[in-house]
Amino acid sequence: MGVGTTTGLDWRPFVYSGLAACTAELGTFPIDTTKTRLQIQGQRNSLHAELRYRGMTHALIEISKHDGYKALYTGISPALLRQSVYGTIKFGTYYTLKKIVAQNRDDPKEDILTNVLCAVTAAMLSSAIANPTDVLKVRMQVQGHHHSLISCFRDVYYHEGLGGLWRGVGPTAQRAAIIAAVKLPVYDFTKDRLTPKVGDTISIIISSFLASLGSAIASTPTDVIRTRLMNQRKFKTGGITSPEPHTALLYTGSVDCCIQTVRNEGVGALYKGFIPTWVRMGPWNIIFFITYEQLKKIN
């Protein structure tokens, strides 16, 4: 019996996935910060009504110039915590579910439908569990302050309660399901067919690129809505309130956010941050899958 299977559950995919996800996050986080800043700008009647950044490169330069290079990594602590939870559960559950399905069917050959169902199940479960860390990450990235994870958590909990930590959980789960339904199956499907022809490393790079493009196209509108909902503050009833106009509740939910965004900024606003989303997904996937594949070879 192999290592990690003494209880019937192989823990290695969970650990390897978590480590690989954290490695990928560290390597691409500044791009994610630009994506978040681009997605929240342009909202009417808010602190972020001004269009400060023209694009990803401009955002990188402006953030570094005005807030310092460290600001590009503001929010990295909740991001790593998120990947430790989200990445570990999502990828670990995905590969575990695939293994269980394969063991209980006559035909061992994989099919796309099975991959999609396993990916969506794993993504929705893990994203819902890790949502508080996502909220903290977005808040810290937008503020650009070098506050600690603990101080940001205290601020959200004190002013908004536990509900504030699950702000935007609906679109977060939807986005995770969309990305997983596209990225993981496309990656596995493409890699399995390319590896015999071009080798392992090249197949990982090409498969990651194609999976990233599809994921970015499919998920960016939901990502914009998710980011805006997570960033808005909804103070506890009867609790601490603020008279400042930019703290007013802008959206009542996902549908309202989508309608107002399109009405006030145009349909193109739903694709704010598309370039950094795509640009980041490519390297992120490459770093993740190369790290994951190498960790699998340890045994």
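Modeller: Happy to; we will look at domains, a helix pair and a cavity. Please keep in mind that this is a predicted model.

Colleague: Let's begin with the domains. Into which domains is the chain divided?

Modeller: The division gives domain 1, made of 11–73 + 282–298, and domain 2, covering 74–167. Their C-alpha centres are 15 Å apart. In the contact between them, domain 1 takes part with 24 residues and domain 2 with 21 residues.

Colleague: Now for helices. How should I read a packed pair?

Modeller: Two things describe packed helices: the angle between their axes and the distance between those axes. Here, take helix H1 (residues 12–40) and helix H8 (residues 200–231), which pack at about 80° with axes 9 Å apart. That angle makes H1 roughly perpendicular to H8, because values of 65 to 115 degrees count that way.

Colleague: Which residues in H1 and H8 meet?

Modeller: From H1 come Lys35, Thr36, Gln39 and Ile40. On the H8 side they meet Asp223, Val224, Arg226, Thr227, Arg228 and Asn231. By type, the residues of this contact are 2 nonpolar, 4 polar and 4 charged.

Colleague: And empty space inside a protein, how is that found?

Modeller: A probe the size of a water molecule is rolled over the atoms, and this shows where empty space is left. In this model the count is 1 cavity of 30 Å³ or more. The volume of the largest cavity is about 300 Å³.

Colleague: How many residues line the largest cavity, and which lie nearest its centre?

Modeller: The lining has 19 residues, with Arg82, Gln83, Arg175, Ile179 and Arg280 nearest the centre. Two or more lining residues come from each of H1, helix H3 (76–103), helix H4 (112–143), helix H7 (169–198) and helix H10 (274–296). H10 gives the most, with 6 residues. Sorted by type, the lining has 5 nonpolar, 3 polar and 11 charged residues.

Colleague: Where does the largest cavity lie relative to domain 1 and domain 2?

Modeller: Both domain 1 and domain 2 give residues to its lining, so the largest cavity lies between them.

Note on methods. Residues numbered from 1 in each chain as written. Predicted model: local features only at pLDDT ≥ 70, side-chain atom pairs only at ≥ 80, totals over all residues. Heavy atoms only, no water. Axes fitted to C-alpha atoms, helices over the stretch in contact; angles between N-to-C directions. Helix = DSSP H or I, 4+ residues; strand = E, 2+ residues; numbered from the N terminus. Parallel < 35°, antiparallel > 145°, perpendicular 65-115°, else oblique. Contact = heavy atoms within 4.5 Å. Nonpolar A, V, L, I, M, F, W, Y, C, P; charged D, E, K, R; others polar. 1 Å grid on protein atoms, 1.4 Å probe; cavity = no way out; pocket = protein on both sides within 12 Å on 5 of 7 lines; lining within 4 Å. Points joined across faces, edges and corners; volume = space filled by probe spheres on them. Domains from an automatic or database assignment.
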